[in-house]
Amino acid sequence: MLKIALPNKGRLSDEVRELFNDAGLEVRVRGERALTASLGGEFEAIFVRAQDIPEFVADGAADAGVTGWDLVCESGRDLELLMDLEFGKCRLVVAAREESGIQKLEDIRDGVRVASSFTRLTQDFFTRRGQKVTVVPVSGATEIAPHLGIADIIVDLTSTGSTLKMNGLREVDTIVQSSARLIARKGHSPEAAARLEELRQALGSVLAARGKRYLMANVPRGVLPSVREVLPGLNGPTVVEVQGGDFVAVHSVVPARNIYRTINALRALGCQGILVTRIERLMP
């Protein structure tokens, strides 16, 4: 049974478990503090710190894992990226105090101290730019470092930038765009690679269904050409004959964000019996 390393706590852990459950790979744990679990009987999950997952996967303790791309890059390990799970989005940024006068990377002088828990990425970033900095390792509360005189600037994660602004810091540049990723070690057997591809497709089908709705409506035959423009669907709407009537049944997958306008457009064309349902999985 293939082992999948998953985050053991935090918001990322909750979102990962929800995704696997929705894909039919229910996380079955024996207790709240269990370190392993069955994933629908198809895989075995091991729960570890998100930052340790790249090492577990690269060293073969797990066959695959889910963690932030920022942590994968920081690890420096040679891993295979299977898919972007499209949640847990954030950015690793360079930030400076508002009153520092630093507006862009060129304003950072050689010899400055940079506080970060992402020491590898930080050093590599400035080295590639030819800028000489001293990286100060910190394990948390990075935003306070410039105010305490520990460092001149910081490199830290942000999603909206609000925490940086709250602490009097300005974003200068982005080093890495991150989100949750499904990763695997390289060199799997053909059988293991096939099972990981099945896992990728199962998770992908759930992600593809999010933000989509399945819409059905009874449509007057005469307005069918106009309805086709309103309901493009994946490969165009499916049209089904309705026995003994002047209507046809139209089925289509539509974006959830447009559903309000879509329904109003259909009603304006004389459509009836409009039904909208959620989609659990959508296989390409």
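The C-alpha centres of domain 1 and domain 2 are separated by 29 Å. The model is predicted, and its chain is divided into domain 1 (3-89 + 179-209), domain 2 (90-178) and domain 3 (212-278). Between domain 1 and domain 2, about 820 Å² is buried, while the count of salt bridges between them is 0.

**Annotated span**

- The UniProt record, an unreviewed entry, places the feature "domain: ATP phosphoribosyltransferase catalytic" at residues 49-203.

**Extent of the interface**

- Contact between the two domains involves 12 residues of domain 1 and 11 residues of domain 2.
- Of the area of about 820 Å² buried between domain 1 and domain 2, 51% is on carbon and sulfur atoms.
- D70, E74 and K89 together supply 66% of the area that domain 1 buries against domain 2, more than any other three residues.

- On the side of domain 1 that touches domain 2, helix α3 (residues 69-75) gives the most, with 6 residues.
- The residues on that side of domain 1 comprise 3 nonpolar, 5 polar and 4 charged.

Terms used. Residues are numbered from 1 along each chain as its sequence is written. This is a predicted model: local features need pLDDT of at least 70, side-chain atom pairs count only at pLDDT 80 or more; totals for chains, interfaces and linings use all residues. Side-chain values use heavy atoms; hydrogens and water are left out. UniProt positions are given in the numbering used here, feature names are shortened, and annotations may be inferred rather than shown by experiment. Domain bounds come from an automatic or database domain assignment. Contact means heavy atoms within 4.5 Å. Buried area is the accessible area (1.4 Å probe) that two parts lose on being put together, summed over both. A salt bridge is a side-chain nitrogen of Lys or Arg within 4 Å of a carboxyl oxygen of Asp or Glu. Helices (H or I, at least four residues) and strands (E, at least two) are DSSP runs, numbered from the N terminus. Ala, Val, Leu, Ile, Met, Phe, Trp, Tyr, Cys and Pro count as nonpolar, Asp, Glu, Lys and Arg as charged, and the others, Gly among them, as polar.
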